[in-house]
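User: I have some questions about how the terms are applied here. Let us take them in turn.

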Protein chains: 2
Amino acid sequence: MRLPSKVQVMEVGPRDGFQMERQWIPTEKKIEIVNDLSRLGFKEIQVTSFVHPKAVPNLADADELLARIDRVPGVKYQALVPNLRGMQRALAAKPDRIHLMMSVTESHNRANANRSVEESLKEFEQLVPMALEAGIEPEAGLACVFGCPFEGEVPWERLEWVAKRYQGMGIKGLNLGDTIGVGNPRQVHDICARLLDRFPEMQISLHCHNTRDMALANTVAAMQAGVTHIDGAVGGMGGCPYAPGATGNVATEDLVNMLQEMGVETGIDLDGLIAVSKKLQDLVPHPLDSCMVKAGKRTDLKPAPKAQKKVG
Amino acid sequence: MRLPSKVQVMEVGPRDGFQMERQWIPTEKKIEIVNDLSRLGFKEIQVTSFVHPKAVPNLADADELLARIDRVPGVKYQALVPNLRGMQRALAAKPDRIHLMMSVTESHNRANANRSVEESLKEFEQLVPMALEAGIEPEAGLACVFGCPFEGEVPWERLEWVAKRYQGMGIKGLNLGDTIGVGNPRQVHDICARLLDRFPEMQISLHCHNTRDMALANTVAAMQAGVTHIDGAVGGMGGCPYAPGATGNVATEDLVNMLQEMGVETGIDLDGLIAVSKKLQDLVPHPLDSCMVKAGKRTDLKPAPKAQKKVG
């Protein structure tokens, strides 16, 4: 089985997870979680989103969060930007990278961003030079790449067209979102391989929701196609407010466990990550979806039972 | 991505699932579930276990169950047999196949079967001819192939030695159990490939618990190594009474969904299977772990929202 020797895992929980929480999470607590995550070996953390506070009330403190977190050297702090207003806030808050978010299908982009794909792309064409001029690196976040709740399968031609538009803007990173968790390993492998072949200069990363339990299988498939950048959300937090049926992101600790068990280097402190996931459980009023918290690591050996009654 | 065009999925829920239920499931209900499953296209169902009723009270009705289920032509009904007493019951109840269950590590076999591996194998050497003479096909069920809760990793030499012993008995099927859900895709791929290479006449099948969410990734990895027989338990039921931390088997409906989404033929009616999983939820007092029940199929498209407030 040919796999990359290293994978860079991006933590997206503070954005993609907290945005879904109905109960307000105090800014202090968010800062504490981001600061904890910053010391675990991640090279990039998606910390918040400059969407309108009415759309995502729990991330209304994006500006304050970016101002107050400890910026650990070697870690890039990324924020989601959906439009010009978000870009203006980003220019003031100065994340290291911005994630220009758009759905590849018309109906999902209208549901999520209330505009057409063309309108999003036209605006991004204005935002990219603004970001680059400010020394902020832009990447493209593509939602519904592997399927849309309203339109079903997405034709390859559509993906290629969107990628070309981003290429034209000078974007160097495409983040492929399986927003509603419908991608399957063969499909993920084929789309990643095709994009890497067609756009060799692009950094292709994968963002899986684990709605149908295929996130880790899709991760391995993407890695077999050559992908070396994968997203996870600590505790398996998350979902999508406008993607019916979507459940959480793949739990970063489950992802990192699998990678490390396969001998793939991540540079991430798994024990520390499990500890953050447990702390997070105290912040949200619903059970998180983390296998590693429930089951522990493989190396947590149990003593063999002493008394054994005859059962056979 | 090279995958087999067809995979035979064995349903093991009525054995591996029901055995873990503390609350008695009436025999009538078990029969109804097995009869439902029998009409969904499975070629083999593991329906019960001839273990001592004190060890697994919920399967105390194994003899009655096998006598009373509808035996649908084309479906093989399999029962687990751990020892001579179980074999004697199996000879009377006449399943089509028996599953001779043993752990590959000493400490787990002692915990699970209260005997050494050598003692289990010696007894199986007596049972195999009895089964063959009665026209019952034996297969070997190996627990803890990918790791043991007490001993950790299992050396290849151990697996090879066990497989050779079974080969010597004339056994033609090895079922590799990831009893505590610690196997990773690279390891599963490599062990499957190595066993298929070393024992080309053996049918190698995979039995995953989803304890660390790697079951579907491991399934794809095994298929890439050439494995074409995979177990699942409807509703993700199951666990192992003597494997600390073990959680359920991979849900058959989630497994079948992934296979069918990849274009791999299973012959199984996924809608019917989801319906059985829902029915099962009414029989057990705890939530089942089925993504397909929660999320539905990819093709269950949603109408796009009509009213969209401006959020950007």
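User: In β4(A), what is the bridge partner of Gln78(A)?

Analyst: Arg97(A) is that partner. This is a predicted model, where local features need pLDDT of at least 70, side-chain atom pairs count only at pLDDT 80 or more, and totals for chains, interfaces and linings use all residues. Residues are numbered from 1 along each chain as its sequence is written, and chains are lettered from A and ligands numbered from 1 in the order in which they are written.

User: What makes β3(A) and β4(A) a pair?

Analyst: Strands pair if DSSP finds at least two bridges between them. Four bridges join β3(A), residues 76–81, to β4(A), and the two run parallel. So they pair.

User: How many bridges join β4(A) to β5(A)?

Analyst: Seven, again with parallel strands. Ile98(A) has Pro138(A) as its bridge partner in β5(A).

User: Why is β4(A) called mostly covered?

Analyst: A residue is buried if 20 or more other C-beta atoms, placed from the backbone, lie within 10 Å of its own. Six of the seven residues of β4(A) are buried, so the strand is mostly covered.

User: How do you know that the chains are related by a two-fold axis?

Analyst: Chain B can be laid on chain A by a turn of 180° and a shift of 0.0 Å along the axis, with an RMSD of 0.0 Å. That is the relation of a two-fold axis.

User: Why do the copies meet through the same surface?

Analyst: Because 98% of the interface residues of chain B are also interface residues in chain A. Contact requires C-beta atoms, placed from the backbone, within 7 Å. By that test, 55 residues of chain B are in contact with 54 of chain A.

Note on methods:
Contact = placed C-beta atoms within 7 Å. Least-squares fit on C-alpha atoms with pLDDT ≥ 70 in both. Buried ≥ 20, exposed ≤ 12 C-beta atoms within 10 Å, placed from the backbone.
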